[in-house]
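Please look at the sequence and the model first, and then read the points below.

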Amino acid sequence: MGLVSALLTLPLAPIRGVIWLGELIQDQVEQQLHDPATIRRELEDIDRAAAAGQLSEEERARAQQAVLDRMIRPPGATTPTEGREGPG
């Protein structure tokens, strides 16, 4: 029976390969997003842009908060949708 099931599932092998590759890419992206060096570099970029006058203080605070929120959010967690109100 193993040979028959292997032959029947053979056409699904490329799909399983694409799914595996997608999961691998997602893991790499999450690792990079939560890397302390990447976070520090982004915060430094925000500070430089604010010092150069490219960002207002409000934009700077918002950008820094977004980076810090991403830092404390566990990998794989979804972000809540901002600006959406519930029924009522």
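At what angle do helix α3 and helix α4 pack, and how far apart are their axes? Helix α3 (residues 36–51) and helix α4 (residues 57–72) pack at an angle of about 175°, and their axes are 10 Å apart. Axes are lines fitted to C-alpha atoms, for helices over the stretch in contact, and angles run from 0 to 180 degrees between N-to-C directions. The model is predicted: local features need pLDDT of at least 70, side-chain atom pairs count only at pLDDT 80 or more, and totals for chains, interfaces and linings use all residues. Residues are numbered from 1 along each chain as its sequence is written, and side-chain values use heavy atoms, with hydrogens and water left out.

**Overall make-up**

- The protein chain has four helices and zero strands; helices (H or I, at least four residues) and strands (E, at least two) are DSSP runs, numbered from the N terminus.
- Of the 88 residues in the protein chain, 10% are buried; buried means under 20% relative accessible area, exposed over 50%, and partly exposed in between (1.4 Å probe, protein chains only).

**The pairing of α3 and α4**

- Helices α3 and α4 are therefore roughly antiparallel to each other, a term for angles over 145 degrees.
- Residues of α3, including Ile 39, Leu 43 and Ile 46, meet residues of α4, among them Ala 63, Val 67 and Met 71; contact means heavy atoms within 4.5 Å.

**Salt bridges**

- The whole structure holds five salt bridges, each defined as a side-chain nitrogen of Lys or Arg within 4 Å of a carboxyl oxygen of Asp or Glu.
- One of them joins Asp 47 and Arg 60, whose closest N and O atoms are 2.8 Å apart.
- This pair links distant parts of the chain, with Asp 47 in helix α3 and Arg 60 in helix α4, 13 residues apart.
- Asp 47 is partly exposed, at a relative accessible area of 31%, and Arg 60 is partly exposed, at 24%.
- Within helix α3, Arg 48 and Asp 45 lie three residues apart, about one turn of the helix, and they form a salt bridge with closest N and O atoms 2.6 Å apart.
- Arg 48 counts as exposed, at 51% relative accessibility, whereas Asp 45 is partly exposed, at 40%.
- Arg 62 and Glu 58 also meet in a salt bridge (2.6 Å, N to O).
- Salt bridges that share partners join Asp 47, Glu 57 and Arg 60 into one network.

Methods
Angles under 35 degrees count as roughly parallel, over 145 as roughly antiparallel, 65 to 115 as roughly perpendicular and the rest as oblique.
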